[in-house]
Each structure stands twice: as C-alpha cells, then as structure tokens.
Amino acid sequence: MATGITKREQHSSDAISALDFHEESTPLPDEKSSVTLTYPNKAPINDIIQRSNRTFLEFKIDKEYEINSIPEDSFILDDNFFVLNELLAEKKKATLFYLDPPYGTGFDFHSRELEHAYKDSMGQAAYLEFMRRRLILMRECLSDDGSIYVHIGHQMVAHLKVLMDEIFGVDNFRNLITRRKCSSKNFTRKQYANINDYILFYSKGKTYKWNQPGIEPEQAWIEKEYTKTDKLGRRFKLVPVHAPGTRNGETGQPWRGVLPPPGKHWQYAPSKLDELDRQGDIHWSRNSNPRRKVYLSSDKKRSLTDYWDQYRDAHHQSIQITGYPTEKNLQMIKMIVGASSDTGDLVIDPFCGSGTTLHAARDLGRRYIGIDASFSAAKATLRRMRHGLEPMGDYVNDRKAKVLELPFPAIKRTGALCAFVVDSRLFDAYGDEIRQIGTI
Ligand SMILES: C[S@@+](CC[C@H](N)C(=O)[O-])C[C@H]1O[C@@H](n2cnc3c(N)ncnc32)[C@H](O)[C@@H]1O
C-alpha cells in the first residue's frame, strides 16, 4: 500500500521515538496473541451446537399443528437459543442477521399499554455468555456471503466488540456505527447526556453482499459540498488530481510543466489528464494548481458514514409505531436490509420485539424469520404484520388517555399473513394464552 513515506524518511531522525527503548519487567504478549474473555461456565462450542430436539407447533386460523421445519415468513415465540439450534439442525442459512438484544441495562421494560415486555437484568458475565452462545449459533446459520448487525447500548458495546472479534474474527469486523437515538434530553446527572447507541457490523467472511446505501442529499449539504456553479448554472466541486505515494513512472513526472506535490503522484496518466482538460473538466487555479471538476448529478446520493444521525426512534406524533418498548426505527432497518441482502434472501432477527426487522424485510421482498420470548412481543409483532401500525398520536403528551383508548383489534387486517410458531413446551404450559395470540 502506498503510504507516501519513503524508506529514507522511515529511517530519518524524525522517526526516532522514546518507545525504541521500551523495556518492562514482564514483556508484552507477542504479535500473534489474541484477546479472549474469561468468566465461569464458558460453554464449549460443541455443547452449544449440540442438537436440542425441541418440537414446534404452527397456528393456522385457531388450531395448532406440529411441524417438521420452521416455516419462513414467520414469527416464533420461544427462547431464541432453541430456535437457532433448530435452524442450524435444518441447515437454514440467513444472508442477514439484525439483532437488538437487551442492552444489559439492569431494568425491566413495559409496553406503552403498561404490559410487562421483558427483563434486562442478568449480570455482566451471565449476559456475555448468554450472548456468546446465541452469537455462535448465528454464525453457524449465516451464509458465507452474509452479515450480522448487533444493535447495543453503551453498557455492553465494548464487551460485545471483544466477544464478536472472538466469534467472527477481527478481520471480519466492518464498522462500529454510532446511531443518534434521540434529541438532547433534560439531563441533570453529573455526567454527559447519553444520546447515542451503537451497531456492531461484521461479515461472515471477506466476500459479502453489499449494496452501497446512500441518502438523498439535503440542500444545506449540497451547498456546502458543491460550492461552484458553471455558466449553465450546474453545480460542481473541485477534487485533487493527485494521490498519496511517489511513483517512478509517468504519473510521477511533471504534467504541463507541473510536478505532483511532494510525496504524491498524478491519479491519471498524462494522456487522460490531457483528455479531461480538453473536455473542460480541469480547473486551473491562479497559481496553476490543476483540479478536477465533479458535477452534481440529479441522482446523487450521499454516502453513509459510521455516524447515523437521521434514524432516531419515534419522536413525533405522525410516526407509525406498535408501542413496544425499545422499538427501533423502521427506515434504519430498511436501510440495513437493503445494504446487506438481496431480494429473496433470508433475514433473521432473533430478538425481534415488535417485529420491525420482519416489517422491513417483507417490504423489501426478503424472506424473514423473527423470534422473541416475550408474549407481549408476540402480540405486537403479529398485530403489526397482520394488521399494520398506528400513528404515535398524542402518546407523548397524553399518554394515559391514549393507553386506555388503544383497543387491540381496532386496525383493519391487511391480509398479509405472518406465520405464528411456538415451542410445544411453552404451549403445554400456556396453551390458552398462546391460542389467544394465535387469533390476532
Ligand atoms: C430491545 S428489544 C427488541 C426491540 C425490537 N428491535 C423492535 O424494534 O421492536 C429486545 C427483545 O429481546 C427479547 N429477548 C430477550 N431475551 C430473549 C431470548 N432469549 N429469546 C428471544 N427473545 C429474547 C425481549 O423479549 C425483547 O423483546
């Protein structure tokens, strides 16, 4: 890789450092040593992937049937460990896993209807091992060109990064995305306000599906980026025609009498630069510095960085929601599904809550499987997938009144069915409650 630093520069006096004389009584680990997390009851991989042999039932209309394999386009009410284990036994492969597990907050969560939704109070080591076992199963169910996105809070993001490096390999780490989750809050504690959460993005291997995502550029961004206008009123910006690193060939020689800046070379051969100049695509500054004109096209998309400011969770009254706690932004998940899978691919969310990922996957023509252990999540997902969403309305200002007013079957059925599957052990214990959910 061209670094722009010559051999001579590497050995010059500028490169001498106090670290050259680094000496400590215990030497540092060698370069090949990797980091692993240590805590009690870290299960061997073979125990985790060993078949758990659960039986599953599917609800059709209002009756349950035993099934031999997990259907696609479905929601499964169960601890995801057993469903992932079953999917592995069935050799199902997903192109994309998106998961938004409990963040390790130490709190319990309730829906806007004040129903209990899920607990998030496991303790650090238990939480990590809980996640490790499930992430290992997910890795096994991921196709070779697949990707995984883990949405997480500040509490466990550092631990999960180390854990995912261990499971997926440091080389398969792609991004640690910072997502702005809300606007500034009235924050009175003696610390900085927390307005972000994080997404760890890994691919299964070196080659993975990627459809470059982009967003519509805002006018303010266009004006800042494309500062120049030509005679016809077309906006353009100027970009350098040189790149880092020196070259001995023609791109390292003067062009039109101008040498590339020190430590750089021309990006194009002189013949190509001549052609660009002939076409009027080179702009010469007053001190003869050539730069290339890049015009703003009508379909220009702004590339996404690893800072997402535009996907906050429901924050104004017209946004459509289910009312499930920690429900994520649908547009954000649509973007992820679009970027990391193609039409017809299988998308799995093993902590699907209100089914936001299933909704995004269905809208984009992907197959989907959602799993959640919470009865409240089962209701929210089936209701959303079978009947649609409701605007948030005045939940924010008049929460109590709205909570009382939100009757469960009030929305028109859309006809788009999402299969409902349940672990038979759960059904044996809670048959009546599950049957009721099945009729949604
Ligand atoms: C943060 S919420 C997910 C919210 C979801 N992304 C949405 O948009 O609605 C986490 C979910 O994980 C579920 N969960 C926790 N442990 C689970 C387990 N072992 N198996 C399945 N689901 C689990 C909880 O019930 C909860 O619904």
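A crossing of two helices is called left-handed if the near helix is turned anticlockwise from the far one by less than a right angle, and right-handed if it is turned clockwise. Keep that in mind as we walk through this structure, which is a predicted model.

Helix 8 covers residues 330–340, helix 9 covers residues 356–363, and their axes are 9 Å apart with an angle of about 55° between them. That angle makes helix 8 oblique to helix 9. Helix 8 passes helix 9 in a right-handed crossing. Which residues make the contact? From helix 8 come Leu330, Ile333, Lys334 and Val337, while helix 9 brings Thr356, Thr357, His359, Ala360, Ala361 and Asp363.

Now turn to the strands. In general, strands of a sheet pair through backbone hydrogen bonds, either parallel or antiparallel. Here you can find an open sheet of 11 strands with mixed pairing, in the order 2-1-23-3-21-20-4-7-9-8-18. Strand 2 (63–67) and strand 18 (307–308) are at the edges and have a single partner strand each, so one side of each is left without a neighbour in the sheet.

For a look at one pairing, follow strand 7 (residues 142–152) and strand 9 (residues 196–203), which are joined by six bridges in the antiparallel sense. Val150, for example, has Leu200 in strand 9 as its bridge partner.

Finally, find helix 12 (residues 424–438), which lies across strand 1 (56–60), strand 2, strand 3 (74–77) and strand 23 (419–423). Helix 12 runs at about 150° to strand 23.

Definitions and conventions:
Residues are numbered from 1 along each chain as its sequence is written. This is a predicted model: local features need pLDDT of at least 70, side-chain atom pairs count only at pLDDT 80 or more; totals for chains, interfaces and linings use all residues. Two strands pair if DSSP finds at least two bridges between them. Helices (H or I, at least four residues) and strands (E, at least two) are DSSP runs, numbered from the N terminus. Two residues are in contact if their C-beta atoms, placed from the backbone, lie within 7 Å. Axes are lines fitted to C-alpha atoms, for helices over the stretch in contact, and angles run from 0 to 180 degrees between N-to-C directions. Angles under 35 degrees count as roughly parallel, over 145 as roughly antiparallel, 65 to 115 as roughly perpendicular and the rest as oblique.
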